[in-house]
Each structure stands twice: as structure tokens, then as C-alpha cells.
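Here's a quick tour of one protein model, written to be read with the structure open beside you. Have a look at it before reading on.

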Amino acid sequence: MTPRRAAELTVRGSLDPTPEAHRPMTAPDVTVVVAVHDTMPYLPTCLDSLDGQSLAPGRLEVVVVDDGSADGGEALLDEYAARHPGLVRLVHQPDQPFALEACLRADRVSVLADYDCCFPVPREDRGNSTERAPVLDRLRGIAALQQVAAELAESGEESDAIRARIFAWDVPRLLRAGFLLLDDGLQRRVCAEIGRMVERFGAREVYHRLPVAARLRLELAAAVRPEALRDQIRYEAAHGEPPVLVDGRRHYAGFPAFRDARLGLPDELFLLREEPVFEAAPPLNLAQQLWRGVVPEQLRRRLRRHPAWRRLANSVSTGRG
């Protein structure tokens, strides 16, 4: 391994709980950052590989960031850090809030993109480890993420962009096929938590940035209507995009919940787009008709190049040629 092949991270202040005695005496040549979340049984192989590198002691540092693992990996990390005090620095902290706070507080964020820095290992179960966390824990992590954004993001575009990202992706993804596998009581708890999040963090202020399906799932959850939410999830899985319904200038997503009297959801929730209004040009008066009828268009254009004729033409045609 060479320094050019490793990502670098500087961990300062409260984000670095490692005792001074466990830190290298001098700055290492290479810092490798390992992000960990429920990665057992793959974690030991990764750590052993780093421990087996050929760099001399003190030249390599491994910063392991564990964001709330619940599969036994956190205990393994504590043990590994205790056995390798000169090699491993361990940071335990929540899911996404740390990353967002780091980005919002940073003066500059650099991306190493001229070569591969990430080498993912496919899981035997072909799953995504982040999907294994309990749904209520994931909701608490999303709420913590929102709180960081509320405290540190600049109001306006930056804050709205973060809220739109969270409510367009992080929250609605919990209201997909996996939601159907939860028992009724847990479904209601999930809906209630999402409803509080929608109110607390002003989700409706950025609804115009969200796909209709995401808005609809959020509102059904906020209203604690798990039966209607289940119907919506099943419809999307079976049919994908709904038909477009046109009412005057407005185009709506024709989900079954649209104008369902039992649900009472507003039309704006389903709005895709609205055709603009074009004002008709006023009719030509007699002078304008004569000007446009007698003088050929090509000649009118040439005459407009001369100030005197241009003033005359404007007075007659009011700028309409």
C-alpha cells in the first residue's frame, strides 16, 4: 500500500475520543478510514488485512468509524483497538448525522477521483447492510440528521436542498415493500414517527421538489393511515407510474387515492405540472393593419434601421413590426 492509494481523514476535537497515549508519536504517512455499519462477518477480514500491511509501525494509521452497528461488530472493534493501540483509532458515533455535520462545518471538501479509492466486497446474501437496522432506529437516525441540518445549514437553498433529499429518499424508502412486512402496531408507530418528523422539520415546504409518490406516502403516513399506505405501496409495485389525468391546465398523477373522498387528500399533492396562461395579443388597429398590409415585411425591417422611420413605425405599430 502506498500513500497515494489511501484516503485521508483528519479527526479533530470532540470527534476524536482516542486517548493521547494511543496515538502515534508522529503523524503517519498513510491514514486509512474504514466506515463500519453492521458489516459482520466481513469486518475481521478487513481489519486483519490492514494489520498485515508491510508499512513500518507508526507509518500506517487506521481510523475505524462505527456508525451504530448492532450486529456484534462494535465489541470486536473495541477489542481490536485495545490490541492495536498504535494502529487503530476507533470512533463510535450515529449514522448519517456525523457525515452531514462534517460537511457543513468543513471549509473545504476534497474528492479523490483520479483513481479508485473504494473496493466494495459483494455480500453473500446480496443484501445492503444499512437496510438491516430496525426501522425505528433508522427513523431516529434520520431525525438526528434533520436536527444537524436545522442547526448548521444556512436557511434558504442549502437547508431546502437537504430537506428535499431526506424527504424524497431517506424517509419514503422506509415506506416501501419492507413496510408491508411489519405488524400493524409497528406500522402505526412508524407512521406516527414520520408524521412528527414531517411537522417538526417542515417537509411540506419542500413538497414541490419531491416526486408525487414520495409526497403521497409521507402524507398517508403523517395521517396514520397504514391501510391506505399499504394500498399505495402495492399499487406502485404492481403498476409503476400512474396515468396522467388532465383537468383544465393541470396535470395530475392518477393514483387511486386521487380525489378519494375517504382520504380527503388535496389535489396539489398529486400535481405534476400546470400549463402556463398565454395572454392573447390585442387586435391591430386601422393604422397597424395598413402599415402591415401595405409595407412588405422585408421593407419594414430595413426601414427600422433608420431612427426616423423606426420612431414612425413604433408609433404606428406599437413595437409589433
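What follows goes from the overall picture to a helix, a hairpin and one leucine.

## Ground rules

This is a predicted model, so to speak of local features we need pLDDT of at least 70, and side-chain atom pairs count only at pLDDT 80 or more, while totals for chains, interfaces and linings use all residues. Numbering starts from 1 along each chain as its sequence is written, and side-chain values use heavy atoms, with hydrogens and water left out.

## The overall picture

The protein has 12 helices and six strands; these are DSSP runs numbered from the N terminus (helices: H or I, at least four residues; strands: E, at least two). Of its 321 residues, 38% are buried, where buried means under 20% relative accessible area, exposed over 50% and partly exposed in between (1.4 Å probe, protein chains only).

Take the contacts (heavy atoms within 4.5 Å) between residues at least 6 apart in sequence: 69% of them join residues at least 24 apart. The protein exposes about 19600 Å², with carbon and sulfur atoms supplying 54% of that; areas come from the Shrake-Rupley method with a 1.4 Å probe, and for residues only the protein chains shown count as cover.

## Helix α2 and its buried side

Helix α2 spans residues 73–83, and Gly-73, Leu-76, Leu-77, Tyr-80 and Ala-81 are buried in it. They sit on the same side of α2 because they cover an arc of only 130 degrees around the axis, going by the directions from the helix axis to the C-beta atoms. The background is simple: an α-helix has 3.6 residues a turn, so residues three or four places apart point the same way.

What do the buried residues of α2 pack against? Their partners are β1 (30–36), α1 (43–51), β2 (60–66) and β3 (88–92).

β4 (residues 244–247) holds Val-244, which stands opposite Ala-253 in β5. β4 and β5 (residues 250–253) pair in the antiparallel sense over four bridges; pairing takes at least two DSSP bridges between the strands. Their hairpin has two residues between the strands, and Gly-248 takes a positive phi near 65 degrees there.

β5 also runs antiparallel to β6 (residues 271–274), joined by three bridges, with Leu-271 in β6 as the bridge partner of Tyr-252.

## A leucine in α7

Leu-186 is found in helix α7 (residues 184–200) and is partly exposed, at 23% relative accessible area. Beyond its neighbours within four places in sequence, Leu-186 is in contact with Val-135 and Leu-136. The C-alpha atoms of Leu-186 and Leu-136 are separated by 8.8 Å, though the two residues are 50 residues apart along the chain.
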